[in-house]
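Subject: Structure handover

Hello,

Please find the structure below, followed by notes on what was found in it.

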Amino acid sequence: MRIVIAGGHGKIALRLAGLLAARGDEPVALIRNPDHSQDVVDAGAEPVVIDLEQATVTELAEKVMNADAVVFAAGAGPGSGATRKDTVDRKASVLTADAASLAGVRRLIQVSAIGVDNPLPADSDEVWAAYVEAKRAADADLRERSVELDWTILRPGRLTDEPGTGEVSLGEKVERDSVTRDDVAAVIVALLDEPGTVGRVLNLVNGETPVVEAVRAAAV
């Protein structure tokens, strides 16, 4: 499969590219900074330079044309302000969905965050609140696209760089906890192979069920 990854230089995206390349797929990493090209190549992906905050839907559609699936794994990242939470975590997500639809690529997996539908405490930090609102809005937009897209929203818990365990808890109702980026990438690969997860919003933390079994169990 040819899989286009938005946010292709991110920690999850690089792990995902490696897993896909190792099994013979063709990962394509969309990156903003051309200086990141070698990192992407080393991970096993084809680098494609495009700025998701500046691109038009037509420009992005050209990059995802002929893909079997798109994975939205972009995020403004730590140290960014409230404005970029909106332009990357929300607007770039909507743009990616628009581009996939325009290009005729139905399968789209979006990496969100656990708990974003829950009300925010009144004393929440401004940047954190902007992040949660952006993710919530991006997910809400995608949920309305079932006619043109076969979407799955994956909501990981607190991300860690610990080695993957290969065992997770995945479903609509999962207690908030942490999950390794290795395991998030492995779950995305399994989701790509499981059409029964289309139209599902799935929370993800580390647990006791092997990844492939957890994804199969979460399928409709």
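Which residues does the UniProt annotation "domain: NAD(P)-binding" cover? According to that unreviewed entry, the annotation covers residues 7-195; UniProt positions are given in the numbering used here, feature names are shortened, and annotations may be inferred rather than shown by experiment. The end C-alpha atoms of this span lie 23 Å apart, and 42% of the span is helix and 20% strand. Helices (H or I, at least four residues) and strands (E, at least two) are DSSP runs, numbered from the N terminus.

Two points on the source. This is a predicted model, in which local features need pLDDT of at least 70 and side-chain atom pairs count only at pLDDT 80 or more, while totals for chains, interfaces and linings use all residues. Residues are numbered from 1 along each chain as its sequence is written, and side-chain values use heavy atoms, with hydrogens and water left out.

The sheet

Nine strands make an open sheet with mixed pairing, in the order β3-β2-β1-β4-β5-β6-β10-β8-β11. Two strands pair if DSSP finds at least two bridges between them. β3 (46-49) and β11 (209-210) are the edge strands; each has a single partner strand, so one side of each is left without a neighbour in the sheet.

Strands β6 (residues 150-156) and β10 (residues 200-206) run parallel and are joined by five bridges. In this pair, R155 stands opposite N203 of β10.

Helices on the sheet

α6 packs on the sheet and touches β1 (2-6), β4 (69-72), β5, β6, β8 (167-171) and β10 (contact means heavy atoms within 4.5 Å). The direction of α6 makes about 160° with that of β6. Helix α5 (residues 126-143) lies across β5 (107-111), β6 and β10, and runs at about 155° to β6. Axes are lines fitted to C-alpha atoms, for helices over the stretch in contact, and angles run from 0 to 180 degrees between N-to-C directions.

Helix pairs

Helix α1 (residues 11-22) packs with helix α6 (residues 181-192) at an angle of about 50°, the axes being 8 Å apart. The contact is made by K11, I12, R15, L16, L19 and L20 of α1 with R181, D182, V184, A185, A186, I188, V189 and L192 of α6.

Helix α3 (residues 57-64) and helix α4 (residues 82-103) pack at about 60°, with axes 8 Å apart. Among the residues in this contact are V57 and L60 of α3 and L95 and D98 of α4.

Regards
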